[in-house]
Amino acid sequence: WSLKPCEEPSGLAIDRAHETLISVCENETMALSDIRAGKVVATAPIGKGVDGVAFDPSSQLAFSSNGADGTITVVSTKDAKVVETLPTARGARTIAIDEKTHRLYLPTAKFGATPAPTAEHPRPRPAILPDTFEVIEVGR
């Protein structure tokens with residue numbers, strides 16, 4: 001299935017009740033796809049450096065973790081509208097949700113300087129600083 005205009009997808013969640021797949025992509029786009037039709041039915045803008053997405057079935061909200069921006073974009077899957085943008089921390093790209101408490105969890109750490117790009121590593125990542133790992137808990 002095409003996810004256009006979504007490019008370089010990295011995270012996927014599912015709304016089983018409404019048969020919708022939720023994809024997040026590197027070009028700052030969240031795509032909502034109809035499982036039966038196999039096509040994108042709506043998109044929403046999200047932040048930079050996305051990696052993961054979580055979905056809360058009780059609120060019908062999707063959460064993209066935007067590690068480059070240090071934010072979470074909250075999107076209503078009912079109408080693909082951005083509800084709010086929450087601050088987290090730079091590097092918080094992975095996300096999980098506890099559907100009972102509605103809390104989000106994002107691991108991250110502090111980072112050093114980003115090395116210069118090379119032919120072998122055109123998009124280098126900064127080194128993680130020792131003893132800085134943390135899990136951010138976001139409650140609603």
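**View 1. Contacts and overall build of the predicted protein model.** Of the contacts (heavy atoms within 4.5 Å) between residues at least 6 apart in sequence, 37% join residues at least 24 apart. The model is predicted, and local features need pLDDT of at least 70, side-chain atom pairs count only at pLDDT 80 or more, and totals for chains, interfaces and linings use all residues. Residues are numbered from 1 along each chain as its sequence is written, and side-chain values use heavy atoms, with hydrogens and water left out. The protein has 11 strands and 0 helices; helices (H or I, at least four residues) and strands (E, at least two) are DSSP runs, numbered from the N terminus. Its radius of gyration is 16 Å, close to the 14 Å of the globule rule for 140 residues, so the protein is as compact as a globular protein of that length. That radius is taken over C-alpha atoms, and the rule is 2.2 Å times the number of residues to the power 0.38. Along the principal axes, the C-alpha atoms fill a box of roughly 45 × 35 × 20 Å.

View 2. Strand β2 (residues 20-25) runs antiparallel to β3, and 6 bridges join them. Two strands count as paired if DSSP finds at least two bridges between them. Cysteine 25 has threonine 29 in β3 as its bridge partner. There are 3 residues between the two strands, and in the turn glutamate 28 has a positive phi of about 60°.

View 3. In β3 (residues 29-34), 5 of the 6 residues are buried. Buried means under 20% relative accessible area, exposed over 50%, and partly exposed in between (1.4 Å probe, protein chains only). For the protein as a whole, 41% of the 140 residues are buried. Strand β4 (residues 39-45) is antiparallel to β3, with 6 bridges joining the two. Methionine 30 stands opposite alanine 44 in β4. This hairpin has 4 residues between its strands, and glycine 38 in the turn has a positive phi of about 70°.

View 4. Strand β5 (residues 50-56) has 6 of its 7 residues buried, so it is largely enclosed by the rest of the structure. Over 6 bridges, β5 pairs with strand β6 (residues 61-66) in the antiparallel sense. Alanine 54 has phenylalanine 63 in β6 as its bridge partner. Between the strands of this hairpin lie 4 residues, and glutamine 60 takes a positive phi near 55°.
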